[in-house]
Amino acid sequence: SVGLTQVSRLEVSIRYLVHWQMDGLEISHALESQLTGALHDRMTECRYLEPIQSFDHGIVPEPWFTVDILGQGRKALEDVNSKLGLAFDDWDLDFYNELFSQKLKRNPTSVECFDLAQSNSEHSRHWFFKGKMIINKKEMPESLLDMIIKTQTTSNNNNVIKFSDNSSAIEGFTVDRLRPLTVDTAGQYIINRGKSHIVFTAETHNFPTGVAPFSGATTGTGGRIRDVQAVGRGG
């Protein structure tokens, strides 16, 4: 768009010049590691020990593979769970072992296992907070989320919306707000005085961000915006 037709890639680099106040200080490997660790984000940046000669990092994506549940049983799932860091617990291992060996009667791929770890994680389905709690073989009458919501019965009666689509709102204040005269075309903004309630929400994207730092964080930001804008609307 700016006419740089010969440029195929741009990359930002940072160089630090460090001055020591102590003459003759010997820089140990441990001290150097501490310093470089504090100056860069290992998830999105890396240290170059010499000037960049090429943008080709030489990293070849690992090929997908078949998880041999039909041949090795649950142990195959345990191995891929450890290798890929899927965080399957005993219940997950038993469930997926039975699913593929007894019902589907086929082996899953490493990609399928990774997707199951994401799709059925606490991040996506909230198993732990919404699931049944069984303590000493006795099912509890409330889930963890039920107990959290129950606190509202003894708190201030100022809820406008509570626990609706990942967000809640409490009574706000009458304030001056900027509002457009029209929402379907470009137009003038005017000052509108009215009541604005206070919205509460939270968004954690540890798992997606661990898989893909930038896009994982981006979808987390999008979810945060969506929860605020769509609170109480089921958006």
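Buried means under 20% relative accessible area, exposed over 50% and partly exposed in between, with a 1.4 Å probe and protein chains only. This is a predicted model, in which local features need pLDDT of at least 70, side-chain atom pairs count only at pLDDT 80 or more, and totals for chains, interfaces and linings use all residues. Residues are numbered from 1 along each chain as its sequence is written, and side-chain values use heavy atoms, with hydrogens and water left out.

**Stop 1: His 19**

Select His 19. Its relative accessible area is 66%, so His 19 is exposed. His 19 sits in the segment before α1 (29-39). Helices here are DSSP runs of H or I with at least four residues, strands are runs of E with at least two, and both are numbered from the N terminus.

**Stop 2: helices α3 and α4**

Show residues 74-84, helix α3, and residues 90-104, helix α4. The two pack at an angle of about 130 degrees, with their axes 9 Å apart. Axes are lines fitted to C-alpha atoms, for helices over the stretch in contact, and angles run from 0 to 180 degrees between N-to-C directions. The angle makes α3 oblique to α4. Under 35 degrees counts as roughly parallel, over 145 as roughly antiparallel, 65 to 115 as roughly perpendicular, and the rest as oblique.

Which way does α3 cross α4? The crossing is right-handed. That term applies if the near helix is turned clockwise from the far one by less than a right angle, and left-handed if anticlockwise.

Next, show the side chains where the helices meet. From α3, pick Arg 74, Leu 77, Glu 78 and Asn 81. From α4, pick Asp 90, Leu 93, Asp 94, Tyr 96 and Asn 97. Contact means heavy atoms within 4.5 Å. By class, the contact of α3 with α4 has three nonpolar, two polar and four charged residues. Ala, Val, Leu, Ile, Met, Phe, Trp, Tyr, Cys and Pro count as nonpolar, Asp, Glu, Lys and Arg as charged, and the others, Gly among them, as polar.

Stay on Asn 97 in helix α4. Is Asn 97 buried or exposed? At 18% relative accessibility, Asn 97 counts as buried. Setting aside neighbours within four places in sequence, Asn 97 is in contact with Ile 69, Gly 73, Arg 74, Leu 77 and Gln 102.

**Stop 3: Ser 110**

Move to helix α5, residues 110-119, which holds Ser 110. With 8% relative accessibility, Ser 110 counts as buried. What does Ser 110 touch, not counting residues up to four places away in sequence? The answer is Trp 64, Phe 65, Val 67 and Leu 84.

**Stop 4: the loop between β1 and β2**

Select Asn 136, in the loop between β1 (134-135) and β2 (138-139). Its phi is near 55 degrees, a positive value in a residue other than glycine. Most residues other than glycine have a negative phi. Asn 136 counts as exposed, at 74% relative accessibility.

Lys 137 lies in the loop between β1 and β2 too. Phi of Lys 137 is near 65 degrees, again positive in a residue other than glycine. Lys 137 is exposed, at 85% relative accessibility.

**Stop 5: the sheet**

Now display the open sheet of three strands, in the order β3-β4-β5, with antiparallel pairing. Two strands pair if DSSP finds at least two bridges between them. β3 (159-164) and β5 (189-201) stand at the edges with a single partner strand each, so one side of each has no neighbour in the sheet. The twist averages 40 degrees from one strand to the next.

Take the β3 side. Three bridges join β3 to β4, running antiparallel. Ser 164 has Ser 167 in β4 as its bridge partner.

Then take β4 (residues 167-180) with β5: the antiparallel pairing covers 12 bridges. Ser 167 stands opposite Thr 201 in β5. Pro 180 has Tyr 189 of β5 as its bridge partner.

**Last stop: Ala 186**

Finish on Ala 186, in the loop between β4 and β5. Ala 186 is exposed, with a relative accessible area of 83%. From the C-alpha atom of Ala 186 to that of Glu 62, 124 residues apart along the chain, the separation is 49 Å.
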